[in-house]
Amino acid sequence: MRTDVTMEQVHEALRAWTYGGDPGTRAAVDMLIEEEVWLRRLWAHGLIEYTDDPDLLSPDSGPIASIDWVRTSRKRWPQSGGEHALLMAACSIGGSAVKVSLKDLFTSMDRHNSLLVVEALQAIKRL
């Protein structure tokens, strides 16, 4: 984890990664940005790749970051069932390689997290 990068910069770099790409990835990233806690955990555990290396980026682009949804879904985390359900929903929405039943996850989530997932799913339809 780089200590010279703020979470706001990580958010912007993640949004840059999703721009013009898969609507599910964008919706999952936006959901985690809104939720806040998981992105900090992912960043702290090195599950968000971040680069601002000009040799790897086009001249007119800024930093970019990405989440490895599969590694994230397989990591053992100390969390409640509801927190785990939200993270697994994000991994499923954001990464086609992660398959979970969203219906089953809703039984573990509180109202706030359930609404975040519903809003992410609605955003996919709009994108």
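**Ground rules.** Because the model is predicted, I took local features only at pLDDT of at least 70 and side-chain atom pairs only at pLDDT 80 or more, while totals for chains, interfaces and linings use all residues. I number residues from 1 along each chain as its sequence is written, and side-chain values use heavy atoms, with hydrogens and water left out.

**Fold.** I looked up the secondary structure and found seven helices and two strands. Helices (H or I, at least four residues) and strands (E, at least two) are DSSP runs, numbered from the N terminus. Read from the N terminus, the order is α-α-α-β-β-α-α-α-α. The radius of gyration is 14 Å, close to the 14 Å that the globule rule gives for 127 residues, so the protein is as compact as a globular protein of that length. That radius is taken over C-alpha atoms, and the rule is 2.2 Å times the number of residues to the power 0.38. Along the principal axes, the C-alpha atoms fill a box of roughly 45 × 35 × 25 Å.

Buried means under 20% relative accessible area, exposed over 50%, and partly exposed in between (1.4 Å probe, protein chains only). Of the contacts with a separation of 6 or more, 64% are between residues 24 or more positions apart; a contact means heavy atoms within 4.5 Å.

**Surface and charge.** The accessible surface comes to about 7400 Å², and carbon and sulfur atoms hold 50% of that. The areas come from the Shrake-Rupley method with a 1.4 Å probe; for residues, only the protein chains shown count as cover. I also looked up the charges: the mean positions of the 14 positive and 18 negative ones lie 9 Å apart. Lys and Arg count as positive and Asp and Glu as negative, with His and the chain ends not counted. Each charge is placed at NZ of Lys, CZ of Arg, CG of Asp or CD of Glu.

**Serine 92.** I found serine 92 in helix 5 (residues 81-94). Serine 92 is buried, at a relative accessible area of 17%. Leaving out residues up to four places away in sequence, serine 92 touches Val98 and Val100.

**Salt bridges.** How many salt bridges does the structure hold? I count three, a salt bridge being a side-chain nitrogen of Lys or Arg within 4 Å of a carboxyl oxygen of Asp or Glu.

- Glutamate 83 pairs with arginine 41, the closest N and O atoms being 3.5 Å apart. This pair links distant parts of the chain, with glutamate 83 in helix 5 and arginine 41 in helix 3 (residues 37-44), 42 residues apart. Glutamate 83 is partly exposed at 26%, and arginine 41 is partly exposed at 22%.
- Salt bridges that share partners join Glu12, Arg15 and Asp30 into one network.
- Arginine 15 pairs with glutamate 12, again with closest N and O atoms 3.5 Å apart. The two are three residues apart in helix 1 (residues 7-18), so about one helical turn separates them.
- Aspartate 30 also meets arginine 15 in a salt bridge (3.5 Å, N to O). Here aspartate 30 sits in helix 2 (residues 23-35) and arginine 15 in helix 1, 15 residues apart.
- Arginine 15 is partly exposed at 29%, and aspartate 30 is partly exposed at 32%.
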